[in-house]
Amino acid sequence: MTSRPGSSLLARTLAAAIACAAIAGCDSLPGKPREADRPIRPSEVTDFAALWGTNCAGCHGADGDRGSSTPLANPVYLASATDAAIRGATADGIPGTSMPAFATSRGGLLTDQQIDLLVQGMRSRWGKPVSPTPPGIDDATAGDPGRGAAVFAARCASCHGQDGAGGPKAGSVVDPDYLQLVSDRALRAATIAGRPDFGMPDWRGESGREPLDAGQVADVVAWMASKRPAPIVATAPAAVAPAHAANPAAAQPTTTRNDHVP
Amino acid sequence: MKSLFSSIGSWLDERLGLSETLAPVMGHQVPRDTASWWYVFGSATLVLFALQVVTGICLALVYAPAANEAWASLEWLNYQQPLGWFLRALHGWGSNFMVGMMTVHMIQVFLFGAWKYPRELTWLVGVFLFLCTLGMAFTGQIMRFDQDAYWGLGIGVSMLARTPLVGPYLVKLLVGGPIIGAETLSRFFALHVFVVPGLLIGLVVVHLVLVLRLGINEWPMPGRLVDRETYREKYEELVQADGVPFFPDAAKRDIVFAGVTILAVIACAAIFGPMGPNGVPDPTLIRTVPRPDFFFLSLFAAFALLPPWMETVLILTAPVVGIVALLAMPFLFGLGEKSWKARPMSVLLVVLALVILVTLTRLGITSPWSPDMDAWSADPTPVRFLEGRTPLEMRGASVLQAKQCRNCHSLGGEGGERGPALDDVATRLTRDQLIRQVIQGGGNMPAYGRNLSPAEVTALVSFLETLHPANQPPARDASRPAAGARPPA
């Protein structure tokens, strides 16, 4: 070792500095696990977007509309449905339809707290005042199918066809198979809140029309519901439409409906 | 200072006689050709093993081998303990590198004929070293005790359980009960830190002694045949005539390569970080798609691809056949040609094995066959498939989601890939074929007949029938002019 003492001191200081920088820099190394990536139990998720994205987006659309099922990012829907009803539908599902129960007590994967978060999240994100106040979706006034037919002819037939079996702008709402998969609540929701995402007007109708009143809504829903074949029960296979005659599953219906039986 | 060290050194040396024993070991003559970059993989594996021992001991200081605490202690290392994550990453990547390096070492030894007479025992010990290393990798993955670990263990246990007669007993011995439970982790901890490392160290010693005793395999030449009568004599001649001392001539490459390997481990650890822990192991959380570590991915892929009846046969026979083949090899082909240039079949075998391994691993990484458990509720039906649809078809789309068809079938590129994408299924199948497929299933698809009401089938199939590009007509059934149209209800 013939090097000058100064240079070796310099080298040591340099080495020490590099070591310090390396250790301090370790905190910013790309491999360091980030707090955000920390795995959490599904039951601990409290972020609305994450809850919606993994549980509801599939059927109700990534942004709450333009999905296959009732659009929930619809201010009219939110104005006419009560929190209790939204929570109830989410927790217990809607029997006989494709809406599953999400509450852990019903075999789902969401805690009560998460369901509350979803309900609040929908309201705060997608809700806004609507005027005039729409009829309530949960208002259970019994309608009259006879009067409903007239309402339908006046307000709906232009799109859904004279007999409701499909028209120029929209498909059949009296198809027996469709009606077996939809609850009366969903028919009310469609009549009141429309499907703005796919061009169906809400209860106020197309521009220049008078809004439907609660009675008219109940009537037109009753008319559609009256087209529903008798609820399927195992003892009455004759009730199964002939279209299913060749269908092995027809012999063992698995869904029994109970939400539209008067 | 320097003189103090050297006097302590010579004091110790006088009593221990280290230089007397080590000097001939370090300086022993080896064939000149073996001072080559091809001969460095074994020593690099050894150095990686040393790294694993050191980092492993550090981890054991913190790790809590109890089912309910393991995960939390790793989380603590990852997020609370400064550089704890780096330690975990080093150990994790060290393990990957060790398995990889050992495989390369084995391939080199295989191709260079180093397993032939008289080094059969060295090879046998090497095979057991390899098995122990895989054992370490497997038990190490269990140490993480996250969902991936749980999964890997589940597969391992179900493999073991299929062993005839003794299967259930083996399972009980290994996991401490018929199922993975509280005792499982402590058993695997004992295996991972005492039993298998103990075996490894013992075997490594034997392996090294053998290497020293029998000498490093000379560079194989086509035509230079191994013969039991003459081989050892010829080897001595070769070393005498054209040998170099192991240290430093050959060893310097080993040292450089081992250094580079360790740097690579450090770099990987710093860049990619530790593996897991990936979510709490909880058998009730069915919504994840766990994945084993990469060395077992090929196995995972093989399982998923095999028809069920072949699984048991393959699980029980393949490992046994493979190990027996490796062990029997030096006894069956222990003489003759060493050079890979003169052993085309061996080269072919290696290439074949690598191709299979790489393909299966790649498949394992993408694992198209494992269902996407979230798809049904998370992946929206693409809007273009919903525009202009009737209420019935819309309900059909909801049924498709609700019945979790999306977990196996993608739409618009989202969803599982276990079954074919359904984007244009209507161009392939007629209404009747769609109904049959849904009700009766077939291939790897379950039959839905009992799980769908007639109305659901109708809605589902009406929706599926709309899945064809606008410019391409749906498939038609020639025998039924009205096919595709809904029969009157």
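Across the interface of chain B and chain A, one salt bridge is found. The structure discussed here is a predicted model. The salt bridge joins the side chains of Glu387(B) and Arg66(A), with an N to O distance of 2.7 Å. On the side of chain B that touches chain A, the elements giving two or more residues are α4 (70-79), α11, α15 (375-378), α16 (391-402) and α18 (454-465) of chain B. The largest share of that side, nine residues, comes from α16(B). Polar contacts across the interface amount to nine residue pairs, both residues of each pair being at pLDDT 80 or more.

The extent of the interface can be described by area. The size of an interface is often given as the accessible area lost when the parts come together. Chain B and chain A bury about 4,500 Å² between them, and 64% of this area is on carbon and sulfur atoms. Of the area that chain B buries against chain A, 16% is supplied by Tyr79(B), Arg395(B) and Pro454(B), more than by any other three residues. The contact takes 54 residues from each of the two chains, B and A.

A nonpolar patch is found on the surface of chain B, with about 1,100 Å² of accessible area together. Its members include Leu4(B), Trp11(B), Met26(B), Leu212(B), Phe247(B) and Ile255(B).

The greatest contribution to the patch, five residues, is that of α1(B). Phe247(B), a member of the patch, is found in helix α11 of chain B. Is Phe247(B) buried, partly exposed or exposed? Phe247(B) has a relative accessible area of 40% and is therefore partly exposed, since that class lies between under 20% for buried and over 50% for exposed.

In chain A, His160(A) lies in helix α8 (residues 157-160). His160(A) counts as buried because its relative accessibility is 9%, and buried means under 20%. The side chain of His160(A) reaches the backbone oxygen of Gly171(A) at 2.8 Å. Leaving aside residues up to four places away in sequence, His160(A) touches Phe152(A), Ala165(A), Gly166(A), Gly167(A), Ala170(A), Gly171(A), Val173(A) and Met200(A).

Methods:
Residues are numbered from 1 along each chain as its sequence is written. Chains are lettered from A and ligands numbered from 1 in the order in which they are written. This is a predicted model: local features need pLDDT of at least 70, side-chain atom pairs count only at pLDDT 80 or more; totals for chains, interfaces and linings use all residues. Side-chain values use heavy atoms; hydrogens and water are left out. Patches are made of residues with over 30% relative accessible area and no salt bridge: like charges are joined within 9 Å, nonpolar side chains (Val, Leu, Ile, Met, Phe, Trp, Tyr) within 5 Å. Accessible areas come from the Shrake-Rupley method with a 1.4 Å probe; for residues, only the protein chains shown count as cover. A salt bridge is a side-chain nitrogen of Lys or Arg within 4 Å of a carboxyl oxygen of Asp or Glu. Helices (H or I, at least four residues) and strands (E, at least two) are DSSP runs, numbered from the N terminus. Buried means under 20% relative accessible area, exposed over 50%, partly exposed in between (1.4 Å probe, protein chains only). A polar contact is a pair of N or O atoms within 3.5 Å; within protein, one must be able to donate a hydrogen and the other to accept it, and residues adjacent in sequence count only if both atoms are side-chain atoms. Contact means heavy atoms within 4.5 Å. Buried area is the accessible area (1.4 Å probe) that two parts lose on being put together, summed over both.
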